[in-house]
Amino acid sequence: MGVPYLIPTERFSRCIAASKKVWWDIESDVIRGRRFDRASKFLPDGLTLASRLDFLSSDDKVYFSQVQGRTYAHMFGLVERFIGAKVLEISRDHWLGDQVALEALVRFCEEELKHQALFRRVEALTSEVMPAGYSFTWDPNEVAAAVLGKSSWAVLALTLLIELFTQSHYRESIREDADLSELFKDVFLFHWKEETQHAILDELEWRRLDAGISNEARDAAVDELIALVRAVNAIVRGQALADSDYFARTCGRDLSPTELHILRHTVLDGYRFQYILAAEFQRLVDIDREPTRHIDTADRETLDLRARMRAVLPGTRHPPVRHALSGFGFDALDQPTHRVGVDAIDDTAI
Ligand SMILES: [Fe+2]
Ligand SMILES: [Fe+2]
């Protein structure tokens, strides 16, 4: 079993303070009566990989970013359904315990409900100005039901991954691009303000759960995490195809078969980059691309990867562990926190 775990009440308390400080309203703070226009990009080229498509004009690339941006908003609405439900579920552990931790998690749930409403609003506004025929068919409740069938350890690990890339996308890419739609940029500015607390809460709760499970249960949870990352990959593969074909039908010009082929691969690579992020997780799904005849190789790679993942997990080879996913490039609590997370309450830019 894991080591005894002391709930870090002070960190939960700081998350509550930050949450209260940055709270916003969808209409009066974010939308402010504005509408999307078709002249500006939604997402930076660094996320969409548009620079690979030299056969597209600059106007085509604006539209390309809008198609991907529309899906980007949908994807957050999708994952936030299971994130909110999971956080609500684990808050039960604090019902008759640490009331500060409970309050922080209740606020987390309330914010994710608001974010889902925000992303539904974004879809309504984008559908006003974009051509008919766009499709995002993933049902949030069906996806959530499948995800929530896994252990809390695995779901929180996936959630931490998602909430960390939310921050890196905004801080390192969206915020820095002066050519983006002001409204789209504001949607993700306000979203990021509340997500900074979520990533910290994810990790605090994930560490708490990790301290209470056996090595056998953790081994099983690693397998579940691998399955979840692969499920994300399956979703982005399907959506990449749908979005590529929507773009091809509605961009106002004919694409050659070769151009369509390149487009589809670029969108898929872009989505895998956006949603699966870390090179090590990328390798988890790369083996899905292997032809069937290489299945033995793929199985061996999976086994090798499991061994390496377990080697960096808490309580295994290198205790004490700074961060269970640090070997994969994630580090929320241990990174310098200036202008990040709870320290954002001191950031005058907010
Ligand atoms: Fe969110
Ligand atoms: Fe969140």
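Which residues does Leu-255 touch, not counting residues up to four places away in sequence? They are Ala-248, Leu-260 and Leu-263.

Some conventions before I go on. Residues are numbered from 1 along each chain as its sequence is written, and chains are lettered from A and ligands numbered from 1 in the order in which they are written. This is a predicted model, in which local features need pLDDT of at least 70 and side-chain atom pairs count only at pLDDT 80 or more, while totals for chains, interfaces and linings use all residues.

Back to Leu-255. Its place is in the loop between H9 and H10. The helix labels are DSSP runs (H or I, at least four residues; strands are E, at least two), numbered from the N terminus. Leu-255 is partly exposed, with 19 other C-beta atoms within 10 Å. The scale behind that word is this: a residue is buried if 20 or more other C-beta atoms lie within 10 Å of its own, exposed if 12 or fewer, and partly exposed in between, with C-beta atoms placed from the backbone. The C-alpha atoms of Leu-255 and Leu-56 are separated by 9.4 Å, although these residues are 199 apart along the chain.

Now the overall picture. The protein has 12 helices and zero strands. Buried residues make up 37% of its 350 residues. Among contacts between residues at least 6 apart in sequence, 81% join residues at least 24 apart.

Next, the core. A nonpolar core is a set of buried Ala, Val, Leu, Ile, Met, Phe, Trp, Tyr and Cys residues joined through C-beta atoms within 7 Å. The largest one has 69 residues, and Ala-104, Ala-154, Ala-157 and Leu-158 touch the most other members. Helices giving two or more residues to this core include H1 (9-22), H4 (58-90), H5 (99-129) and H8 (182-211). H4 supplies the largest share, 12 residues. As for Ala-157, its contacts are Trp-206 and Leu-225, not counting residues up to four places away in sequence.

Let me take H4 by itself. Its 33 residues should span 48 Å at 1.5 Å a residue, and its end C-alpha atoms are 47 Å apart, which agrees. The expected span is 1.5 Å times one less than the number of residues. There is a bend of about 30° at Glu-80 in H4, where a bend is the angle between axes fitted to the seven residues ending at a position and the seven starting there. Of the 33 residues of H4, 24 are buried, so H4 is largely enclosed by the rest of the structure.

H8 has 30 residues and reaches 43 Å from its first C-alpha to its last, close to the expected 44 Å. H8 bends by about 30° at Glu-194. Here 24 of the 30 residues are buried, so H8 is also largely enclosed by the rest of the structure.

And H1? It has 14 residues and reaches 20 Å, close to the 20 Å expected. Its buried residues are Phe-12, Cys-15, Ile-16, Ala-18 and Ser-19. They cover an arc of only 165° around the axis, which puts them on the same side of H1; the arc is that of the directions from the helix axis to the C-beta atoms. On the other side of H1, Glu-10 and Lys-20 are exposed. The buried residues of H1 pack against H5 and H8.

Two backbone angles deserve a mention. Most residues other than glycine have a negative phi. Arg-32, in the loop between H2 (26-31) and H3 (45-48), has a positive phi near 50°. Arg-32 is exposed, with 11 other C-beta atoms within 10 Å. Leu-49 has a positive phi of about 65° and sits in the loop between H3 and H4. With 19 C-beta neighbours inside 10 Å, Leu-49 counts as partly exposed.

Last, confidence. pLDDT is the predictor's confidence in each residue, from 0 to 100. The protein averages 82, and 78% of the residues score at least 70. Residues 286-303 stay under 50, and the model has seven contacts for them beyond four places in sequence. Residues 312-350 are also below 50, with 58 contacts beyond near neighbours in sequence. Where pLDDT is low, the predicted coordinates should not be read in detail.

Terms used: Two residues are in contact if their C-beta atoms, placed from the backbone, lie within 7 Å.
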